[in-house]
Amino acid sequence: MKITGFIFDLDGVIVDTAKYHYLAWRNLANDLGFEFTETQNELFKGVSRKRCLEILLDIGKIDASQAQFDRWMVEKNEDYLKYIEKMNASEILPDVIRVLEFLKERNIPVALGSASKNARPILEKVELLRYFDDIVDGNNVTKAKPDPEVFLIAADKLGVLPENCVVFEDAVAGIQAANAARMISIGIGDKNILNEANYNFKGFTEMNEAFLKTLLK
Ligand code: BG6
Ligand code: MG
């Protein structure tokens, strides 16, 4: 029998940390003397911290020395961590636990595939660590999404062929990464934005058990 592996993105799929990333980037932009809108923040989803700062400085038309750039990366993250510090299990998005329980009951391999370097502490804070057999995050990859590296490493760690993996993603770059890895891509969020996904759901609440069972066949 074929074994199916499941790979979850973190930010925007398991928890809504996009709002905290936004607040921390906006604080930095304001300190540097310009505005940063929620619409602009869409560009940051699934994108590495370094790339986010490059885009932010482009928006603010700011040139930075390497030392300044590095300092702002640290500043943003310290600010972000202040929001994360206060997180608890109440911030898990609706029905995430139902899907994780469905997989756990069936002993199906599950991994995290995230661009974030803060993935592990966040999973600890919201008490979900025990559901994951492996965690692949921003500390383990050299190439950011839409490169498939993060998901290919996750499949390898789970011991499942990439074509037998299912990926849950809320970012365009993440769907592209899953498709490039030849995995089944499931968009969580706006289907007009995530139109390259194999399947689309607004959230896990819309995903019933019958659908999950079809993925296992
Ligand atoms: C992704 C987020 O999951 O992680 C991005 O969608 C974020 O917005 C990226 O920039 C890196 O996160 P961190 O926690 O390493 O700064
Ligand atoms: Mg995400």
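**Salt bridges and helix packing**

Q: Which residue has a side chain that meets that of Glu85 in a salt bridge?
A: A salt bridge is defined as a side-chain nitrogen of Lys or Arg within 4 Å of a carboxyl oxygen of Asp or Glu. The side chain of Glu85 takes part in such a pair, at 3.7 Å from N to O, and its partner is Lys125.

Q: What kind of model is this?
A: Residues are numbered from 1 along each chain as its sequence is written, while chains are lettered from A and ligands numbered from 1 in the order in which they are written. Side-chain values use heavy atoms, without hydrogens and water; local features need pLDDT of at least 70 and side-chain atom pairs count only at pLDDT 80 or more, whereas totals for chains, interfaces and linings use all residues, since the model is predicted.

Q: How many residues apart in sequence are the parts tied together by Glu85 and Lys125?
A: Helices (H or I, at least four residues) are DSSP runs, as are strands (E, at least two), numbered from the N terminus. Glu85 lies in helix α4 and Lys125 in helix α6 (residues 119-125), so the separation of the parts that they tie together is 40 residues.

Q: Is Glu85 buried or exposed?
A: Buried means under 20% relative accessible area, exposed over 50% and partly exposed in between (1.4 Å probe, protein chains only). Lys125 has a relative accessible area of 30% and is partly exposed. Because Glu85 has a relative accessibility of 53%, it counts as exposed.

Q: Which residues are linked with Glu209 in a network of salt bridges?
A: The side chain of Glu209 meets that of Arg106 at 3.7 Å, N to O, and that of Lys213 at 3.3 Å, N to O. Lys213 and Glu209 both lie in helix α9, four residues apart, about one turn of the helix. The network links Glu209 with Glu105, Arg106 and Lys213.

Q: How are helices α3 and α4 oriented to each other, roughly parallel or roughly perpendicular?
A: Axes are lines fitted to C-alpha atoms, for helices over the stretch in contact, and angles run from 0 to 180 degrees between N-to-C directions. Helix α3 (residues 49-59) and helix α4 (residues 66-85) pack at about 110°, with their axes 10 Å apart. Angles under 35 degrees count as roughly parallel, over 145 as roughly antiparallel, 65 to 115 as roughly perpendicular and the rest as oblique. Therefore the arrangement of α3 to α4 is roughly perpendicular.

Q: Which residues of α4 make the contact with α3?
A: Contact means heavy atoms within 4.5 Å. From α3 come Arg49, Lys50, Leu53, Glu54 and Leu57, and from α4 come Phe69, Trp72, Met73 and Asn77.
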